[in-house]
Amino acid sequence: MGDGVESIKLEALTLSEGIRQAPVCIIVLGMAGSGKTTFTRSLIQHAQEKFNPYVVNLDPACREVPYAAHVDIRDTVNYREVMKQYQLGPNGGIVTALNMFTTKMAQFAELVRRAGERGHKWCVIDTPGQIEVFTWSASGSIITEGLATMFPTIVVYVMDVQRSVCPTTFMSNMLYACSILYKTRLPFLVALNKIDLQDCSFVLDWMTDFEAFQEAQEEEQSFVSNLTRTMSLTLDTFYENLSTCGVSAKTGVGYAQLLTKILDCVAEYERDYKPVYEKKLQERLAQNAAGPKPVDHVEEDGVAVPLGLGLQDPPPNSGNSVFLMAPGLVPQAAENEEEEDMEEDAKGTAEDQNFHSFVQNHLTAQQSKRDKLQQEQSQP
Ligand SMILES: Nc1nc2c(ncn2[C@@H]2O[C@H](COP(=O)(O)OP(=O)(O)OP(=O)(O)O)[C@@H](O)[C@H]2O)c(=O)[nH]1
Ligand SMILES: [Mg+2]
């Protein structure tokens with residue numbers, strides 16, 4: 001069980017020491033099935049010797065990952081239980097699981113910091129299959145921005161070139177990439193994946209030559225193709241500054257160039273992004289020193305309703321029920337195999353109990369908040 005993870009304030013961690021040199025956080029994003037997980041595995045293999053990557057899996061719904069993750073969200077939150085307990089569908093379950101994980105952002109950040117101290121130069125983060133779960137959720141933003149204010153952070157957008165031969169799909173992919181770039185405001189690299197199946201030169205042609213793209217979609221006479229045509233003109237500026245690299249996550253082709261491009265992105269972070277983040281941190285520090293803002297205007301706007309769990313607040317009455325587990329923090333395994341199995345079983349049961357009690361406490365707390373609110377409203 002993940003004991004030994006002290007509760008460390010994110011603010012203190014961030015503001016007192018500024019942005020560190022290592023590890024560089026590489027957030028791997030991309031549409032479902034684009035090859036993020038396979039890409040992560042290959043990236044780890046190719047970077048192992050030089051950058052000794054620390055590996056994080058943030059996909060709560062995957063069955064298996066083809067790499068040894070140092071931090072795995074599945075050790076913290078049981079996605080199937082979340083679906084059952086909160087009566088959610090698969091996507092709601094993933095979002096909620098990610099939200100629960102994010103309540104331990106401070107501890108997660110601390111694990112990444114310690115990894116940097118132990119000589120991991122990179123931290124590679126694999127994300128959930130449904131891209132919007134990470135890119136448009138509060139927890140995705142907290143994780144991305146939290147990391148970017150502590151460590152050099154870049155985004156690698158994995159794009160399936162085989163699926164992008166259709167101009168409309170290509171445009172959808174590019175619009176997604178563009179929206180993520182502007183949302184995260186971080187150095188951005190597009191990995192054109194699966195080049196063992198499909199040569200990626202057409203993507204580069206379409207990005208640099210508007211007429212080539214027009215020709216390709218001449219066949220498609222529809223409203224969608226009209227929209228695509230207009231969008232391709234709009235995206236011109238986006239393409240100009242976009243860094244791309246053809247790779248095959250399966251065969252490893254293109255990874256030498258990819259590593260060089262990642263290093264270029266890191267240099268870009270240091271040059272262009274770090275000063276901005278540091279300025280923001282200083283502003284926050286000054287704000288904190290000035291104390292909390294008065295909230296007397298709230299009454300005019302309506303009744304203040306208590307929000308959900310704070311980033312650093314433990315869930316009410318939950319004790320240790322959400323935790324992070326990572327090698328090094330897990331107690332030494334027993335030598336005897338039989339004992340190991342028994343320990344595994346006991347650990348599994350304890351984790352289950354912890355999880356159940358967390359969910360139960362959370363539900364009870366929510367209910368009592370609702371009761372209290374109702375009581376207050378019913379009073380004249
Ligand atoms: N031929 C080929 N297949 C690939 C490549 N990269 C990934 N795949 C295959 O594409 C499928 C999806 O790969 P994943 O790595 O699971 O993709 P993902 O984006 O992590 O998928 P989700 O997390 O479910 O969204 C698998 O069958 C992989 O074997 C590649 O470079 N070449
Ligand atoms: Mg995956």
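Is the crossing of α5 and α8 left-handed or right-handed?

**Before starting**

This is a predicted model, in which local features need pLDDT of at least 70 and side-chain atom pairs count only at pLDDT 80 or more, while totals for chains, interfaces and linings use all residues. Residues are numbered from 1 along each chain as its sequence is written, and chains are lettered from A and ligands numbered from 1 in the order in which they are written.

**The whole chain**

Display the protein chain, which has 16 helices and 7 strands. Helices (H or I, at least four residues) and strands (E, at least two) are DSSP runs, numbered from the N terminus. Of the 380 residues in the protein chain, 37% are buried. A residue is buried if 20 or more other C-beta atoms lie within 10 Å of its own, exposed if 12 or fewer, and partly exposed in between, with C-beta atoms placed from the backbone.

**Ligand 1**

Select ligand 1 next. There are 17 residues around ligand 1, of which Gly-35, Thr-37, Thr-38, Gly-129 and Lys-250 come nearest; a residue is near a molecule if its C-beta atom, placed from the backbone, lies within 6 Å of it. The shell divides into 3 nonpolar, 9 polar and 5 charged residues. In these classes Ala, Val, Leu, Ile, Met, Phe, Trp, Tyr, Cys and Pro count as nonpolar, Asp, Glu, Lys and Arg as charged, and the others, Gly among them, as polar. Helix α2 (residues 36-51) gives the most to this shell, with 3 residues.

**Helices α5 and α8**

Select residues 90-102 (α5) and 138-148 (α8), whose axes come within 8 Å and cross at roughly 40 degrees. Axes are lines fitted to C-alpha atoms, for helices over the stretch in contact, and angles run from 0 to 180 degrees between N-to-C directions. The two helices are therefore oblique to each other: angles under 35 degrees count as roughly parallel, over 145 as roughly antiparallel, 65 to 115 as roughly perpendicular and the rest as oblique. The crossing of α5 and α8 is left-handed, a term used if the near helix is turned anticlockwise from the far one by less than a right angle, with right-handed used if clockwise. Leu-98, Asn-99 and Thr-102 of α5 make the contact with Ser-139, Ile-142 and Ile-143 of α8; two residues are in contact if their C-beta atoms, placed from the backbone, lie within 7 Å.

**Helices α4 and α5**

The crossing of α4 and α5 is right-handed. From α4, Tyr-79, Val-82, Met-83 and Tyr-86 meet Gly-93, Ile-94, Thr-96 and Ala-97 of α5. This contact has 6 nonpolar, 2 polar and no charged residues.

**Backbone details**

Most residues other than glycine have a negative phi, and most peptide bonds are trans. Select Ala-22 and Pro-23, which a cis peptide bond joins, with omega about 0 degrees. Pro-23 is in the loop between α1 (10-15) and β1 (24-30).

Move to Asn-52, in the loop between α2 and β2 (54-57). Asn-52 has a positive phi of about 40 degrees and counts as partly exposed, with 16 C-beta neighbours inside 10 Å.

Finally, select Lys-194, in the loop between β6 (188-193) and α10 (201-208). Its phi is positive, near 75 degrees, and Lys-194 is buried, with 25 other C-beta atoms within 10 Å.
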